[in-house]
Amino acid sequence: MKLVGFAKRQLQVMRESKWESLIDDASSFCAKHDIVISEMDKNYHLGKSKRRSSSVTHPHHLRVEVFNTVIDLQLSELNSHFDAVNSNQLLSMASLSPDNSFTNSDKDRIMKLATLYPHEFSGSKLEELDNYILFVKEDIDFSNLKGLGDLS
């Protein structure tokens, strides 16, 4: 979840301050490889018809209608895949990790995750799970585990 948050922040930084460096890099690449660049100070015309007048310049079109739109789509995709429900479930699953003596363990998250599986964890099983969580956090035999495979 930290990585998702980081990616969202980086996309926002890119939107706010990386446009100029992207244009510079693209222009440099085009010059190096003899690729013709459209005249950026001219107005952008959608399609082949140049009779229809437009007040939109090429840089404006590229930045607003292409660059920002792609970033917005990426942010929207991240937000839809990692909404509050999904994020809570992922964080709950991360609480199961035995790394570093269960430092990421969050008993409340694990118990809430268990309630999503009522056939596996009924009332008495939830009590057993509660005791098990307390036990493995205290027992030295569980202190050097590196992953869920070690736990099993």
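Modeller: Helices (H or I, at least four residues) and strands (E, at least two) are DSSP runs, numbered from the N terminus. The model is predicted: local features require pLDDT of at least 70 and side-chain atom pairs pLDDT 80 or more, while totals for chains, interfaces and linings use all residues. Residues are numbered from 1 along each chain as its sequence is written, and side-chain values use heavy atoms, with hydrogens and water left out.

Biologist: How do you know how H1 and H3 are oriented to each other, roughly parallel or roughly antiparallel?

Modeller: H1 and H3 pack at about 170°, and their axes are 10 Å apart. Axes are lines fitted to C-alpha atoms, for helices over the stretch in contact, and angles run from 0 to 180 degrees between N-to-C directions. Under 35 degrees counts as roughly parallel, over 145 as roughly antiparallel, 65 to 115 as roughly perpendicular and the rest as oblique. The two helices are therefore roughly antiparallel.

Biologist: Which residues make the contact of H1 with H3?

Modeller: H1 contributes Val-4, Ala-7, Lys-8, Leu-11, Gln-12, Met-14, Arg-15 and Glu-16, and H3 contributes Arg-63, Phe-67, Asn-68, Ile-71, Asp-72, Gln-74, Leu-75, Leu-78 and Asn-79. By class, eight are nonpolar, four polar and five charged. Here contact means heavy atoms within 4.5 Å; Ala, Val, Leu, Ile, Met, Phe, Trp, Tyr, Cys and Pro count as nonpolar, Asp, Glu, Lys and Arg as charged, and the others, Gly among them, as polar.

Biologist: What makes the pair Asp-72 and Arg-15 a salt bridge?

Modeller: Their side chains meet at 2.1 Å, N to O. The criterion is a side-chain nitrogen of Lys or Arg within 4 Å of a carboxyl oxygen of Asp or Glu, so the pair qualifies. Distant parts of the chain are linked by this pair: Asp-72 belongs to H3 (residues 58–81) and Arg-15 to H1 (residues 2–17), 57 residues apart. The structure holds one salt bridge.

Biologist: Why are Asp-72 and Arg-15 both called partly exposed?

Modeller: Buried means under 20% relative accessible area, exposed over 50%, and partly exposed in between (1.4 Å probe, protein chains only). Asp-72 is at 36% and Arg-15 at 23%, so each value falls in the intermediate class.

Biologist: How are His-61 and Asn-68 classed, buried or exposed?

Modeller: Both are in H3. His-61 has 11% relative accessibility and therefore counts as buried; Asn-68, at 12%, is likewise buried. Leaving aside neighbours within four places in sequence, His-61 contacts Tyr-44, Val-56 and Val-66. With residues up to four places away set aside, Asn-68 touches Arg-15 and Arg-63.

Biologist: Why are H4 and H6 called roughly perpendicular?

Modeller: The axes of H4 (residues 84–94) and H6 (residues 107–115) come within 8 Å and cross at roughly 115°. H4 and H6 are therefore roughly perpendicular. Their crossing is left-handed. In this contact, Asn-88, Leu-91, Ser-92 and Met-93 of H4 meet Arg-109, Ile-110 and Leu-113 of H6. The classes are four nonpolar, two polar and one charged.

Biologist: How are Met-93, Tyr-117 and Glu-127 classed by accessibility?

Modeller: Met-93 is at 44% and so is partly exposed. Tyr-117, in the loop between H6 and H7, is at 46% and is therefore partly exposed. Glu-127, in H7 (residues 123–138), reaches 56% and is thus exposed.

Biologist: What C-alpha distances separate Met-93 from Asn-79 and Glu-127 from Met-111?

Modeller: Met-93 and Asn-79, 14 residues apart along the chain, are separated by 19 Å. Glu-127 and Met-111, 16 residues apart in sequence, lie 9.4 Å apart in space.

Conventions
A crossing is left-handed if the near helix is turned anticlockwise from the far one by less than a right angle, and right-handed if clockwise.
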